[in-house]
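Have the sequence and the model open as you read.

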Amino acid sequence: MAKACLTQASILACGSTRHPSLALQPHPTARSKAVVTENVSAGTILLTTSPLSTVLIQQEKGRRCDLCLLPNENLRRCTGCKAYWYCGQIKAWNIHHRRICKRIADFTNSVYYRGLTNSEQLHVLLLTHLIAEHGSILHETFSTLDQVGEDAGTLDPIKTLLSLLPQNKYEQLTYDIPLRNVNNDLISHLSRRFSNNNFTIHCSRLDVFAHGIFPLASRFFNHSCFPSAVPIYTPLEGSGTIEMRIKVLRDLDPGDEVRILSTNPLIILTFTCLNSRHR
Ligand SMILES: [Zn+2]
Ligand SMILES: [Zn+2]
């Protein structure tokens, strides 16, 4: 990241960093809008943030590490479930795999899972990873959700995730997941927020290789088919994760809204955009 871009940047929760000119303001129809409060040049990084959780798309299984998402020719396959590949298994075991290894193979062979669409299967696995990695804090925060206030200056990623708007507030969507002792209301609450808030993760050639949960980016930016910024993804070597950076595409004036392209641009350019959050 260009260091100049982050001069006087605000440090948000979970290692995220926000450019000082980026602010949330009321919007007449959307929940809010992200604007810049000063002139911002093309190429500026407005937000850096790490995912709460990620999942590889099926075509990348065995080619990239299921934890850090990096391509690796020497991955080690889990001998228990034979369904996950890691570059460093001990770290992966502690972060999430010990909670999913025993049941994941039976689950992905089940009639329920096989009856889901490809994107639903990714949502289910991502939800499983999320709860395996952050189950305690998710349950704790969910139990006090009515009292969870929001501070746009220091957004907490767990509070922010739980307070995101669902795709359809009348929809009663609940995925089954292969984890025990999980509050069904929590599963339903999260299931309804996945399709319109999660991000595809792509390389610089725009090939998608994973999906991820980036609550702060979801909360800040409305989507557009004619965006003023894009998410780019950079592996953080040694950290076991990847970083999203929101990069400005053209010079912006004070008050300009920052809207992002949140999925594979090739798909959006080819097909009619159906996402209700796009404008
Ligand atoms: Zn790895
Ligand atoms: Zn396993």
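## An exposed loop residue

Leu206 is exposed, with 12 other C-beta atoms within 10 Å. Here a residue is buried if 20 or more other C-beta atoms lie within 10 Å of its own, exposed if 12 or fewer, and partly exposed in between; C-beta atoms are placed from the backbone. Phi of Leu206 is positive, near 70 degrees, and the residue is not a glycine. Leu206 sits in the loop between β9 (199–202) and β10 (208–213). Helices (H or I, at least four residues) and strands (E, at least two) are DSSP runs, numbered from the N terminus.

## Basis of the model

This is a predicted model: local features need pLDDT of at least 70, side-chain atom pairs count only at pLDDT 80 or more, and totals for chains, interfaces and linings use all residues. Residues are numbered from 1 along each chain as its sequence is written, while chains are lettered from A and ligands numbered from 1 in the order in which they are written.

## A buried loop residue

Leu69 also has a positive phi without being a glycine, at about 75 degrees. Its loop runs between β6 (53–56) and β7 (76–77). Leu69 is buried: 22 other C-beta atoms lie within 10 Å.

## The kinked helix

Helix α1 spans residues 89–108, 20 residues in total. A kink of about 80 degrees is centred on His97. The bend at a residue is the angle between axes fitted to the seven residues ending there and the seven starting there.

Buried residues of α1 include His96, His97 and Phe107.

Terms used:
The expected span of a helix is 1.5 Å times one less than its number of residues.
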